[in-house]
Amino acid sequence: MCGCATRVAYLMSGKGPQIIVAGAGIIGASIAWHLTRGGGRVTVFDAGEAGGVATPNSFSWINSNYSFARPYFALRHHSMGEWRRLSRVLPQLPVSLSGSLYLPAPGVDLEKFVKRNRAWGYRIELIDGARFRELEPHWRHETGLAARAGDEGAAEAEEVAQCLVAAAVEEGAVLRAKTRIEGLVFSHSGVCGVRVNGETVPADEVIVAAGTATAELVSPCGFELPLTAPPGILVHTAPVAPLLNSIVLADGLHIRQKPGGELLAGADNQGTELDGDPEASAEILMQRMRAALPGGDALALAGITTGYRPTPGDGLPVLGRAPGVSGLYIAVMHSGVTLCPAVGDFAAREILTGARDTLLAPFGPERFGDMPRAAAVHGDAGDG
Ligand SMILES: Cc1cc2nc3c(=O)[nH]c(=O)nc-3n(C[C@H](O)[C@H](O)[C@H](O)COP(=O)(O)OP(=O)(O)OC[C@H]3O[C@@H](n4cnc5c(N)ncnc54)[C@H](O)[C@@H]3O)c2cc1C
């Protein structure tokens, strides 16, 4: 396990710890890449291919704002800056931080929204209709006061996950795609590997970043992680000529244009269903898009996706070592696209050096209650 004495032994031997990452969505991929760069010997297992399950169905907006509690705002805000660091090191990552435009919505006082965000150090400003038109000349609705958050953006999340895994593999990590982890393997003191195809694969540390499957994988430790998976519907159009420069957050229509020209839209970035079923919701969203952008019927629906958001019971990220069970680290969250770079960096540093960043203080799994020691749950050493 990755205790202090063990880390000293790693340093003296010049060999990093043997680490298994369960899941190659955007969270597992980021942790795997940061760990590999930091000297860990990493094997990534995914039941499918690298890229994830929630990740390809995400709106992938990178943001923070004062409607989150301050510690969560701070973590998200830090991660927004970390996207710039990650893009400098890996310029092939498809991420664009070209800003978001917030249009008025019921119950939102834009002036207050901007003032409070700015007080927290967020780069956001009020703009008038003329400035909005300069920024988005194709938007057909008349707009008055709006807000522009200059550091927000979006990533093509599935490709980011695939790039991070590929970059980790280039640096020595091993990817075992289409290989489902059947369970954790326990020693006296905690987790010492995983079971794959009925065989034990040993590890000093196992990181469970399995999205909505995380709770099930960690439950043999005696820890019931409260995790829900609310669905979210997004519509995708066929590619069109450039129409949008920013992410536009209008009442009932959150929309962005992908680098290939496709428009991606939801009623909000969560993909809230509008009317009964996905097809009916998609039709409403297509009508809203056609009203907002030029092209009319040329704006063709190419697909509807329903994604399931890995959402811990209190809505906040779960990131940290499982209390009372050595060798197990849990990483599951909504807003995994916003949080990808910070989570990868913080988790890798904690696993490799033992240092936990203070920004993570409220987000450990222990907030849901202590887990019994694995040995107490499973008796003697052996497969769990
Ligand atoms: C509609 C929608 C809109 C969203 N909008 C945003 C947004 O605007 N901004 C934002 O930041 N976030 C957003 N999110 C959330 C974000 O997409 C997720 O937080 C993020 O993708 C989670 O990534 P992950 O790697 O944890 O999970 P996943 O992408 O689900 O990856 C988990 C991986 O684990 C693998 N796995 C599972 N079980 C096993 C096993 N036993 N063995 C091996 N592998 C296993 C799976 O195959 C999968 O590849 C949205 C999500 C949805 C669905």
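Which domains does the domain assignment of the chain give? The assignment gives domain 1 (4-56 + 158-225 + 313-383) and domain 2 (100-150 + 231-308). Those bounds come from an automatic or database domain assignment. This is a predicted model: local features need pLDDT of at least 70, side-chain atom pairs count only at pLDDT 80 or more, and totals for chains, interfaces and linings use all residues. Residues are numbered from 1 along each chain as its sequence is written.

**Domains and ligand shell**

- The C-alpha centres of domain 1 and domain 2 lie 35 Å apart.
- Each of domain 1 and domain 2 gives at least three residues to the shell around the ligand.
- There are 44 residues around the ligand, and Gly25, Gly52, Gly211, Gly232 and Gly307 come nearest. A residue is near if its C-beta atom, placed from the backbone, lies within 6 Å of the molecule.
- At least two shell residues each come from H2, strand S15 (231-237), strand S19 (301-308) and helix H9 (336-353). Helices (H or I, at least four residues) and strands (E, at least two) are DSSP runs, numbered from the N terminus.
- The shell holds 22 nonpolar, 19 polar and 3 charged residues. Ala, Val, Leu, Ile, Met, Phe, Trp, Tyr, Cys and Pro count as nonpolar, Asp, Glu, Lys and Arg as charged, and the others, Gly among them, as polar.

**H2 against H6**

- Helix H2 (residues 26-37) packs on helix H6 (residues 157-170) at about 25°, with axes 8 Å apart. Axes are lines fitted to C-alpha atoms, for helices over the stretch in contact; angles run from 0 to 180 degrees between N-to-C directions.
- H2 and H6 are therefore roughly parallel. Angles under 35 degrees count as roughly parallel, over 145 as roughly antiparallel, 65 to 115 as roughly perpendicular and the rest as oblique.
- The crossing of H2 past H6 is left-handed, meaning the near helix is turned anticlockwise from the far one by less than a right angle; clockwise is right-handed.
- Contact residues include Ala29 and Trp33 of H2, and Val160 and Leu164 of H6. Contact requires C-beta atoms, placed from the backbone, within 7 Å.
- This contact has 11 nonpolar, 2 polar and no charged residues.

**H2 against H9**

- H2 and H9 pack at about 40°, axes 8 Å apart. H2 is therefore oblique to H9.
- H2 passes H9 in a right-handed crossing.
- Among the contact residues are Ile27 and His34 of H2, and Cys340 and Asp345 of H9.
- The contact divides into 13 nonpolar, 4 polar and 1 charged.

**H3 against H9**

- The axes of helix H3 (residues 70-89) and H9 come within 7 Å and cross at roughly 85°. H3 and H9 are therefore roughly perpendicular.
- Residues including Arg76, Glu82 and Trp83 in H3 meet a set in H9 that includes Pro341 and Asp345.
- Contact residues of H3 with H9 are 7 nonpolar, 3 polar and 4 charged.

Key:
Two residues are in contact if their C-beta atoms, placed from the backbone, lie within 7 Å.
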